[in-house]
Structure formats: structure tokens, C-alpha cells
Amino acid sequence: MRLNYNSFIFFLLAPFFCISQVNEINPPDYIKTINFKSNTPETQLPILKLNEYVVLEFDVLNGNEDDYYYKIDHYNYDWTPSVLMKSEFMDGFDNQRIRTYENSFNTYQIYSHYQLTIPNEQTRRLKVSGNYILSVYDSYDNLVFSRKFMIYEEASTVGVTIKRSRDVRFIEEKQRVEIVVSPNNTQLNNPAQTVKAVIVQNNNLKTALHSIKPQYTMGNQLIYRYDTETSFMGGNEYLFFENKDVRAANTGIRAIDLKELYHNYLFTNVERASKPYTYNPDINGNYLITALDVDDPSIEADYVWIHFSLVPQESFKNKNIHVYGNFNNYVIDESTKLIYDDTHNIFRNTMLLKQGFYNYKFVVVNKDGSLDEGAISGNFYQTENNYKVIIYYRDLGARYDKIIGVGEGSSVNISN
């Protein structure tokens, strides 16, 4: 009898022990160009102040003018679901239809462009800071895709300085992030347990460093001067191309062709890891939708087949090489994989992308699933990278993790 009772208790409580980190859901092939932004024209990881707006845009290429709905959920710093009810973090309602959409105009590829702004008439305000996920569903309540964003309070000032690694083995390759957190008229209780920092390089949450605790305190300031714990490989500047005019060869484009849609053939890239570092201005992996001689690029920019190519090296044999960038939220899957063309002795990949200015690089996925961004591009301490530091705080007895400050720094003026 005791065995049965214990088994019953286990199955009753099992869901509470299975709460795990929630990841973003990637869209199906017919949904493209998901722009998630706040106060900048290009898409990026939205980190906005309390009461600021955020905009989600995406294109649906099936021509059906389907209905889509959105839901918003609140999460802890580690992206496990928080215990807050909807009414505690939201003023208004979600699970509403996205009402703003337009069909493409004068394009070879037909598509419907959807746009959602939060707050809006239904979702009037997000009331607390922290991590959020916005999920988009179809009319059958199937989850189509989701995206993460963050809201912060200005309860502290976060100073960010980028320096070279102290480790002689990586002094030419790594960049180290130093942080100083200064509370604004706020007492941070037991910061070693209640304060956690997350460091994001180039708006890419997939390579972020998590759960970094303060190294020591100085007065009311929290000091982070680690070496290994807050270091990133420097990488290299992103490659780029621009095809705002699909009928002429633009920056980075070698040739064009018109079939059922336009095809743009990029210049073939080469391995850069063994070559000296060269400064090449980029937008840190981002992209911007733009088109020549149109009034509204969101519905008048066309879709183009982009042909990527890479010169093979002996070291590339049996390697899984992918095209990488924010244009697909840094996703690695079969659509991003380069295929070796033995007839022409070259690696190739073709993607359908909307007209614009794009950053990309080639990365290697190891057999254990880990990502090596420097295998083809190299790692250089001089590389200009953007770093964002997000400070989470959960006071003793609190029910959710606040974001009490965000700092930003660039390695453009990196020092020793």
C-alpha cells in the first residue's frame, strides 16, 4: 500500500520536477524575415525599457492570408517559466489576432507582411521587467514560431569595458568583459546569491555567458573582473552583401540571373583563419531590409535566391560547415549547411532572402554539436564586437527575476 501511495505522489508531482529551459521555436519554410526590434531600424535582440514598445514583423510566402495570433509569457533569468500569472505582468490581454498585414506589391515572390506592435489596444502594458517570449500561433492553435525579448528597469548603472585576455595562450584571440554595477538608490541584498549577470556578444543569445556572479564588492558597487568566466573568442568581422537593386550587381554580388525569381551569386569566399586580421566595418551579424526606388521596403522588397560559396581547404574535409547570421536568428539546420560540389571543387549553399544588407559568416559544427565560429573566419582580439550585459536581481522572498540594469560596450577601443 505504501508503494502505491508513493508512486501516486511521484506522478502527481512529476510535472513540477520537469520544468526546463524554454527555447525559441523556429518557423516553417513559408515564414521568412522575422524582424523583432524596438527603437532601431535593423532587427536585433530587443532589450527595452519598461513602457517602451517592441515591433514584430514577418512575411508569409504561401499566399493564403492566414490568421495569426500571439501570446506573451514571462520567464525567469534562466528561461524557465516564472510563477507569475498573466494579470501580474500584463495589463490587458494576449491571445489576440495580429490585425495589421499587407500583401506584397510589384514583386515576383508573393507574400503577406504581418506587423504587431506591443503595447497595443488589447495588450496595453507589460508591467514588470524580466525575460519574455512572444509566441505566434495559427488559427488552429499550432505554435508557428517564438522569439525572446527582455524588459529592464533603470535601477542600476552598468559599466562595461572590453579588454584583452590575461591568459597568454589566448591573448591574440580572446576579448574579456569587465563589469561594474552601481545601484541607483537601491540596496542589493546578498548579491552573491541574488544578482546574476548575462553577457551577450553581437545580440546572439545562443553564445551568451550566463549566471555570472559578482567577483567582489566595493562599497555598494559590484565588480566583475574575471578572466575565463567573462571571456569570448574575438571571432572576425562578418562578411556582407547588399542587393537593394536586384537587377544590377551590388556590393558583394558577382552575378545576377532571372529565372522564376532573381538569383544573386555572391563572390566566392576564402578561409580567413590563417590570414592577418583586416578591419572590415560590419553591423555585427545583423541585417537591414532595404530596396532601391520603392516607398515601403516591407511590402515592395522582393525575395531573391542568394548563392553562397566557399573555397575548400584540406582542413575542411568531413566538416559540417554552415552559413551563420542574424538573418535566421543564428539557427543551424539543414537549410544553412554548405554542400560540397566535387565537379567544381567548391562548397555551396542557396537561401531565399529578402532584399537588403546582410552580414554572414561561415562556421563549423563539430561532431558533438558544439559550434566553432573561428575555424574558417579565425579569432582576433582586434575584432569589433558589441557586448550587452544584463543584470538580474531576485530579492530575498521575491517571486520573479527583475532586470535592474543593462550595459553596452564595444571592443573597438579594446585595451590591455
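**Reading loops, turns and a buried aspartate**

Me: What does aspartate 141 count as, given its relative accessibility?

Reply: Buried means under 20% relative accessible area, exposed means over 50%, and partly exposed is in between (1.4 Å probe, protein chains only). Aspartate 141 has 47% relative accessibility, so it counts as partly exposed. This is a predicted model: local features need pLDDT of at least 70, side-chain atom pairs count only at pLDDT 80 or more, and totals for chains, interfaces and linings use all residues. Residues are numbered from 1 along each chain as its sequence is written, and side-chain values use heavy atoms, with hydrogens and water left out.

Me: Where is aspartate 141 found?

Reply: Strands (E, at least two residues) and helices (H or I, at least four) are DSSP runs, numbered from the N terminus. Aspartate 141 sits in the loop between strand S10 (130-138) and strand S11 (143-152). It is not a glycine, yet its phi is positive, about 65 degrees.

Me: What is the phi of asparagine 106?

Reply: Positive, about 60 degrees, although asparagine 106 is not a glycine. Its loop runs between strand S7 (100-103) and S8. Asparagine 106 counts as exposed because its relative accessibility is 72%.

Me: Which residue in the turn between S14 and S15 has a positive phi?

Reply: First, the pairing rule: two strands pair if DSSP finds at least two bridges between them. Here 3 bridges join strand S14 (residues 195-201) to strand S15 (residues 204-212), and the two run antiparallel. Glutamine 201 has asparagine 204 in S15 as its bridge partner. The two strands form a hairpin with 2 residues between them, and asparagine 202 in the turn has the positive phi, about 55 degrees.

Me: Which peptide bond is cis, with omega near 5 degrees?

Reply: The one from isoleucine 118 to proline 119. Proline 119 lies in the loop between strand S8 (112-118) and strand S9 (123-126).

Me: Which side chain of opposite charge is nearest to aspartate 282?

Reply: Lys and Arg count as positive, Asp and Glu as negative; His and the chain ends are not counted. A salt bridge needs a side-chain nitrogen of Lys or Arg within 4 Å of a carboxyl oxygen of Asp or Glu. Aspartate 282 is buried but has no salt bridge; the nearest side chain of opposite charge is lysine 361, 7.1 Å away.

Me: What is aspartate 282 in contact with?

Reply: Contact means heavy atoms within 4.5 Å. Leaving aside neighbours within four places in sequence, aspartate 282 is in contact with Glu237, Tyr238, Asn359 and Glu384. A polar atom of the aspartate 282 side chain lies 2.8 Å from the backbone nitrogen of tyrosine 238.

Technical notes:
Polar contact = N/O pair within 3.5 Å; in protein donor to acceptor, adjacent residues only side chain to side chain.
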